[in-house]
Amino acid sequence: MSTTKRSRAMSAQKIYDMLLGVRTADKVTLYFKDGRILSGALIFNQFKGTGRLINIDEELSVDFGVDDLRDLKL
């Protein structure tokens, strides 16, 4: 009998689908595979599978790919 451990991370396809629904969201929190948790406005390019998170208050702009993310909250 094999036991499987349930991962808290979402699949890349599910994250991609969620990003499509909120391509230009005003506020989103991204959870990166490397442990970073960042919030801000979102811009997502569906054709390249890449995006940018912009936080004006922290003067932060981060480029990311769908494969860099483990979770996404609105």
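In the predicted model, buried residues account for 34% of the 74 residues in the chain. The accessible surface of the chain amounts to about 5,400 Å², and carbon and sulfur atoms contribute 50% of this area. Of the contacts in the chain with a separation of 6 or more, 45% are between residues 24 or more positions apart.

The secondary structure consists of 1 helix and 5 strands, arranged from the N terminus as α-β-β-β-β-β. The 5 strands form an open sheet with the order S4-S3-S2-S1-S5 and antiparallel pairing. Strand S4 (60–65) and S5 are the edge strands, each pairing on one side only. On average, neighbouring strands of this sheet are turned by 40° against each other, direction ignored. Strand S3 (residues 50–55) and S4 run antiparallel and are joined by 6 bridges; Gly51 has Phe64 in S4 as its bridge partner. Helix H1 (residues 12–21) lies across strand S2 (37–45), S4 and S5, and runs at about 35° to S5.

In soluble globular proteins, nonpolar side chains tend to be buried together. The largest nonpolar core in the model contains 17 residues, and those with the most contacts inside it are Leu19, Leu30, Phe32, Leu42, Phe64 and Leu69. At least two residues of this core come from each of H1, strand S1 (28–32), S2, S4 and S5. For Leu30, residues up to four places away in sequence being set aside, the contacts are Arg36, Ile37, Leu38, Leu53, Phe64, Leu69, Asp71 and Leu72.

The structure holds 2 aromatic pairs. Tyr16 and Phe44 form an edge-to-face pair, with 5.6 Å centre to centre and 75° between the planes. This pair links distant parts of the chain, since Tyr16 is in helix H1 and Phe44 is in strand S2, 28 residues apart. Tyr16 has a relative accessibility of 22% and therefore counts as partly exposed, whereas Phe44 is buried at 6% relative accessible area. Phe32 and Phe64 also form an edge-to-face pair, with 6.4 Å centre to centre and 80° between the planes. Because Phe32 lies in strand S1 and Phe64 in strand S4, this pair ties together parts that are 32 residues apart in sequence. Both Phe32 and Phe64 are buried.

Two further positions were examined individually. Gly49 is found in the loop between S2 and S3. With a relative accessible area of 14%, Gly49 is buried, because the value falls under the 20% cut-off. Apart from residues up to four places away in sequence, Gly49 touches Tyr16, Phe44, Phe64, Gly65 and Val66. Among these contacts are both members of the Tyr16 and Phe44 aromatic pair. The C-alpha atoms of Gly49 and Gly65 are 6.0 Å apart in space, with the two residues 16 apart in sequence.

Asp71 lies in strand S5 (residues 69–73). The relative accessibility of Asp71 is 10%, so Asp71 counts as buried. Neighbours within four places in sequence left aside, Asp71 is in contact with Met10, Ile15, Thr29, Leu30 and Tyr31. One of these, Leu30, is among the core residues with the most contacts inside the core.

Technical notes: Residues numbered from 1 in each chain as written. Predicted model: local features only at pLDDT ≥ 70, side-chain atom pairs only at ≥ 80, totals over all residues. Heavy atoms only, no water. Helix = DSSP H or I, 4+ residues; strand = E, 2+ residues; numbered from the N terminus. Buried < 20%, exposed > 50% of the residue type's maximum accessible area, 1.4 Å probe, protein only. Contact = heavy atoms within 4.5 Å. Pairing = 2+ DSSP bridges. Axes fitted to C-alpha atoms, helices over the stretch in contact; angles between N-to-C directions. Areas by Shrake-Rupley, 256 points an atom, 1.4 Å probe, with all protein chains shown as cover. Core = buried A, V, L, I, M, F, W, Y, C linked by side-chain atoms within 4.5 Å. Phe/Tyr/Trp six-rings, centres within 6.5 Å; stacked < 30°, edge-to-face > 60°.
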